[in-house]
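Have a look at the model first, then read on.

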Amino acid sequence: MFTLPLGDHALLSPLEPWQAPEFLAHVDRARESVDPWIPWATFSTDLDSATATLQRYADRLAQDAGRIYGIRLEGTLVGGVMFTRFDAAGGVCEIGCWLERAGEGRGLVTRACRALIDWAFRERGMSRVEWWVATGNARSVDVARRLGMRRDGVLRQHSAYRGARRDIEVWSLLRDEWPSVAPVAGAESLSGVRAELDRLMGVFVGAFTNTDGRRPDLGVIRDLFIPEGMVIANVGGKPVVHDLDAFIEPRQEMLTDGTLTEFSEAEVSERTEIFGSIAHRFSAYRKSGFHRGTWFEGSGHKTTQFLRTPAGWRMSSLAWDDEPAPA
């Protein structure tokens with residue numbers, strides 16, 4: 001059975017019916033966060049029903065119509081991703097995901113979904129990847145955004161679940177929008193590079209948002225940077241240099257423990273220069289939110305360096321400087 005490393009001591013590998021006991025134990029741990037959104041979690045309540053869930057995907061795999069994979073963190077099943085629909089003839093597939101709390105904050109779902117999307121486009125020649133999500137599932141919508149998807153529309157009262165009808169949002173990504181797919185090796189267009197750098201910066205800035213009940217997942221920042229990446233702040237005229245862990249962990253805490261609420265940041269202008277396999281971006285930003293219950297607004301500037309790696313474009317360093325608050 002193959003395994004694909006996801007980083008952070010996590011692996012992606014197929015889930016098969018014989019693994020039902022492990023799958024059931026995981027679903028029981030994840031039920032509180034997964035059950036409201038994923039019907040099969042409701043139906044996987046004992047060994048027989050959990051086996052039946054995995055068998056349905058095994059049958060779809062045999063028909064080339066679907067697949068399911070588990071995410072294991074240090075050997076423990078903590079989540080997964082799947083092709084809920086896979087129409088090879090029509091060139092359209094749908095992916096989905098789930099995760100228990102022990103796997104949160106590391107960007108594992110985003111990395112796993114990227115692996116599925118990349119395989120669908122590059123290996124199977126799919127034209128369109130879809131993401132269907134119930135309106136109100138903010139965390140799933142956040143993943144769709146991080147993957148670079150666009151919202152096509154809303155299917156009103158499309159699905160019945162637990163006695164109520166739910167609106168379903170449809171998000172999608174097209175083959176020519178996926179940065180790793182190029183017609184000729186090395187023939188990446190300048191506009192394509194620019195779009196990918198825009199996407200990386202958008203994901204970085206958006207990772208901090210916790211407005212309207214959204215739970216930020218700063219772990220995705222590890223996907224944006226090379227492993228040795230640095231984030232640098234100018235504090236009182238002195239540089240403070242962080243590696244990725246030192247930057248992510250305290251900010252994840254502040255954005256989830258009530259210290260910093262209704263926070264958002266937006267890039268308001270930028271100038272990007274691309275030179276072969278390196279690029280630089282100088283941008284201005286604005287931010288606002290409540291810090292310990294007090295409203296604030298701020299602005300400043302960022303300088304960001306990018307490198308083209310075998311895995312695609314990544315950030316190598318980012319430095320920022322807040323403008324002084326008005327007297």
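## Salt bridges

Arg85, Glu94, Arg128, Glu130 and Asp152 are linked in a network of salt bridges, a salt bridge being a side-chain nitrogen of Lys or Arg within 4 Å of a carboxyl oxygen of Asp or Glu. By this rule the count comes to 28.

Among them is Glu100 with Arg29, whose closest N and O atoms sit 3.1 Å apart. Glu100 is in the loop between β5 (92-99) and α4 (108-122) and Arg29 is in helix α1 (residues 20-34), so this pair ties together parts 71 residues apart in sequence. Helices (H or I, at least four residues) and strands (E, at least two) are DSSP runs, numbered from the N terminus. Glu100 counts as buried at 5% relative accessibility, and Arg29 as partly exposed at 44%; buried means under 20% relative accessible area, exposed over 50%, partly exposed in between (1.4 Å probe, protein chains only).

## Ground rules

This is a predicted model: local features need pLDDT of at least 70, side-chain atom pairs count only at pLDDT 80 or more, and totals for chains, interfaces and linings use all residues. Residues are numbered from 1 along each chain as its sequence is written, and side-chain values use heavy atoms, with hydrogens and water left out.

## Helix α3

The buried residues of α3 (residues 47-62) are Ser49, Ala50, Thr53, Leu54 and Tyr57. They share one side of α3 because they cover an arc of only 140° around the axis, taken from the directions from the helix axis to the C-beta atoms. Turned away from that buried side are the exposed Asp48 and Ala62. Just after α3, Asp64 takes a positive phi of about 55°.

Conventions:
Expected span 1.5 Å × (residues − 1).
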